[in-house]
Amino acid sequence: MVSNPNTTPDVPEWESASVVRVLPAVAPRKLNKVPFVELADGRLQGVVSSGSDISRVYVASVTAGTHGLSCSTNNNRPCGGLNQGWACKHLDALIDEAVLQYGQDRVARFLRVEVPEGGRLVHCIKGTRDPAPAAAVFSRFLRHLTYLELPGSATAIPEMQWFPAGVGR
């Protein structure tokens, strides 16, 4: 680990940098249930498909530190499952997929939660309902989908040229 006076001790420098390398998923993910998951804006957040309506998606999030829980449709209708208890099935799916994408240690460190040896992260979050805006997360998800529609090309995408050379290598 490189010493940098602007970083927190015991945190790798790349985790506190404004530009981080893109890491491959820790384990393969099935994107049909949770097509989008990210650690951003102080939250674990993402888009989760509805189990009952193919045309509905939920934006779910867990706030780092406070473990505020939020789940609503992309047009801000609250999830009924979150009203009945600590976590709905959308939050469970989001947390499980984040662990597959980033690894349990990294997600636990980001959310600031202690996970006992052999424990599951989803069982260690004791949060309360704390609605978060879904529009920004859903907008980023839609933005990522537009990249899938681009034809294959070796030329650079102008709006992504701000990434420095070598990121992700």
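**Exercise 1.** Is Leu145 buried, partly exposed or exposed?

Solution. Before we start: this is a predicted model, where local features need pLDDT of at least 70, side-chain atom pairs count only at pLDDT 80 or more, and totals for chains, interfaces and linings use all residues. Residues are numbered from 1 along each chain as its sequence is written, and side-chain values use heavy atoms, leaving out hydrogens and water.

- Know the cut-offs: buried is under 20% relative accessible area, exposed is over 50%, and partly exposed is in between (1.4 Å probe, protein chains only).
- Leu145 has a relative accessible area of 32%, so call it partly exposed.

**Exercise 2.** Work out where His67 sits and what it touches.

Solution. 
- Look in the loop between β3 (57–63) and β4 (69–73) for His67.
- Because its relative accessibility is 8%, His67 counts as buried.
- Skipping residues up to four places away in sequence, the contacts of His67 (heavy atoms within 4.5 Å) include Val62, Leu111, Ile125 and Thr128.

**Exercise 3.** Now do Thr73, over in strand β4.

Solution. 
- Thr73 has a relative accessible area of 7%, so that's buried.
- Leaving out residues up to four places away in sequence, Thr73 touches Arg56, Val57, Tyr58 and Ala134.

Key:
Helix = DSSP H or I, 4+ residues; strand = E, 2+ residues; numbered from the N terminus.
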